[in-house]
Amino acid sequence: MRLISYSEAIAEAQLQEMKRDDKVFLMGLVQRDPYGSAFGQTKGISSKLGTERVIDVPVSENGYVGAGIGAAITGMRPVVELQFSDFITISMDQVVQQGANVRYMFGGQIKVPMVLRAPTGAYMSAAAHHSHSLEAWFSFIPGLKVVLPSDAYDAKGLLISAIRDDNFVIYLEHKKLYDKKMNVPEKPYTIPLGKAAIKQEGTDLTIVAWSFMVSKALEAADLLAKEGISVEVIDLRTVSPLDEDVIISSVEKTGKLLVVQEAYRHSSVATDVSALVAEKGFDFLDAPIKLVTAKDAPIPFSPVLENYLLPQTQDIVAEARNLILEGR
Amino acid sequence: MINKTIAKEIYRKMFTIRAFEERVEELFSAGEIPGSVHLYIGEEACAVGVCMNLNPEDYITSTHRGHGHCIAKGGDISKMMAELYGKKTGYNKGKGGSMHIAYPNIGILGANGIIAAGMPIATGAALSAKLQKNGRIVVSFFGDAASNQGTFHESINLAAALNLPVLFACENNQFGVGTRISEVTRVSDIGNRAVAYGIPGKIVDGQNVVAVYETVKELIEDIRQGKGPALLEMKTWRFKAHFQGEPATYRSNEEESSWIKKDPINIAREEFKKKGLLGKTQVTEIEKEVLNALEKAVEYARKSPDPEPEEALTDVFA
């Protein structure tokens, strides 16, 4: 086994898929070497495969995201990158009105085999223009799949699946995870979209998380274990489609649900997971559903302010303790 | 040069568009067609003059005023009419309607309800053609109003930077909904904006199909040779309102009559007759054939089944 980082895993997945299928190409800002994308997610690819399928574009998010869609519906499999997921606001017409709708509006005559990759999330002192967690905007829209890998192993397997998928997949990479290394097989492998992973088994409480919050949930679970609380940590991996079965069966086992989300609470994936469990798992609950989320303000710059606003491991631990007490 | 075969095909297509749109107007007013319709009457020379230069495998993107583009590119009027009726047998199985007719098998990558949204998609189709080296080219139809969208700039700049095989074809019908283009744009010739992107730009009388056809022929020859994108502006006028039912009070009677004198179908017919490319009997014959086919299309649409309600949930994902 060898250790590689989350961003290296992303680059490797793309390189291997481009070697496997000449319809796969990359398009975004500074995709080519020496830059190899803002966080190194395409590093080495243009040096190995040439520049024809590694396309550097002007800063025109609506234009080049739309061009990705045009290429996808005419036989290519584009992997388009936004330098930050925040910039998806600029390309929302193409994502929501065109990419998500076009297959349906055409009565199923075409497919949109495109991946739109983008760095997501905060905890970077990047302030409000570069710190959003917008996954709920996309899980809200029929026709989009939304993937948020929480570690390097998942990043590679989920990205290969996303590239091979015949639908428009939004693939959100967390900026805090890019440097995190782990054992990642060199050979290509896939992780199915729409399936959650149980990252840690437990019996007293279910924590549902995704993306960077999975590592916070696991940290919290370690601390809680020292207090004799056994936590099951579920990583959604994809927030759309949502793996309802894994969530419900875990709650059936533990009777308690804590959803941990970096994004704001209202109209979010966390509220959706809560609604799901309230609707289909109510009888299994022996305490109210709890949520740990960001507080409602734009993401601030100062670390002091940002840490206050965003979910911290201690918040998860505290809420989990409350939940255990309430359930007794 | 236009020969007899081309002239006949041009006239057939232009007349088909006109007859289709006039029939749609009646059927919409009679309440047979749901939703809304944006008629192409008056602009026929644009779609036909452009598309007569395309091969079946070439692509187009179209607009909310798209029936003409679809017919000009070779669309079947029965499948189109059925789509307008929201029927299962329509091109989009009743999921798109008038503003979204698509048939990728002959390169129709969809009419589009969002102004200028087809332009990035056309750019991407051109990138796809270039990467696949399949020799296809793309035409992106859009209106004068679209030239003020960010995607106009983004798409043309991107296509120019990547040297893509795409013609950006502006139908300047002078109005965005009810606002005159001159009130919202200081340049009078959208075609001149090509200079800003370092690509060729041409301005042509959009009422004259021969002028459109020949101008596009030149532009497309270069595009097919890999010389990159071009911008074309066709000066035209829609004879009807923005959408059917809108009173169009923003235009004067004088303006209307001056444009109706420049009816593109009359201009084409007279020019073809004058040049001996199309005889009177042929004209009558073509018109009769088109009207027969049109009635069959209406009957097809009327008799076609509605989609099953549950089909509302299919085709979301592949």
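Helix α3 (residues 61-72) of chain A packs against helix α5 (residues 118-132) of chain B in this predicted model. Axes here are lines fitted to C-alpha atoms, for helices over the stretch in contact, and angles run from 0 to 180 degrees between N-to-C directions. The angle makes α3(A) oblique to α5(B). Angles under 35 degrees count as roughly parallel, over 145 as roughly antiparallel, 65 to 115 as roughly perpendicular and the rest as oblique. The crossing of α3(A) and α5(B) is right-handed. A crossing is right-handed if the near helix is turned clockwise from the far one by less than a right angle, and left-handed if anticlockwise.

From α3(A), the contact uses N62(A), G63(A), G66(A), A67(A), G68(A), I69(A), G70(A) and A71(A). From α5(B), it uses P120(B), I121(B), A122(B), T123(B), G124(B), A125(B), L127(B) and S128(B). Residues are in contact if their C-beta atoms, placed from the backbone, lie within 7 Å. Eight residues of this helix contact are nonpolar, eight are polar and none is charged. Ala, Val, Leu, Ile, Met, Phe, Trp, Tyr, Cys and Pro count as nonpolar, Asp, Glu, Lys and Arg as charged, and the others, Gly among them, as polar.

The contact of the two chains takes 36 residues from chain A and 35 from chain B. On the chain B side, α5 and α6 (150-161) each supply at least two residues. α5(B) gives the most, with ten residues. The chain B side divides into 18 nonpolar, 13 polar and four charged residues.

Residues are numbered from 1 along each chain as its sequence is written, and chains are lettered from A and ligands numbered from 1 in the order in which they are written. Local features need pLDDT of at least 70, side-chain atom pairs count only at pLDDT 80 or more, and totals for chains, interfaces and linings use all residues.

Chain A has twelve helices and 14 strands. Helices (H or I, at least four residues) and strands (E, at least two) are DSSP runs, numbered from the N terminus. The radius of gyration of chain A is 20 Å, close to the 20 Å that the globule rule gives for 328 residues, so chain A is as compact as a globular protein of that length. The radius is taken over C-alpha atoms, and the rule is 2.2 Å times the number of residues to the power 0.38. Chain B holds eleven helices and seven strands. Along its principal axes, the C-alpha trace of chain B spans about 55 × 50 × 40 Å.

Chain A divides into domain 1 (3-183) and domain 2 (197-326). These bounds come from an automatic or database domain assignment. The domain centres, taken over C-alpha atoms, are 26 Å apart. In the domain contact, 26 residues of domain 1 meet 23 residues of domain 2. On the domain 1 side, α6 (135-139), β6 (144-147), α7 (152-164) and β7 (168-174) each supply at least two residues. That side comprises 14 nonpolar, eight polar and four charged residues.

Chain A also has cis peptide bonds. One runs from D33(A) to P34(A), with omega near 10 degrees. P34(A) sits in the loop between β2 (24-28) and α2 (45-49). The bond from S240(A) to P241(A) is also cis, with omega near 0 degrees.
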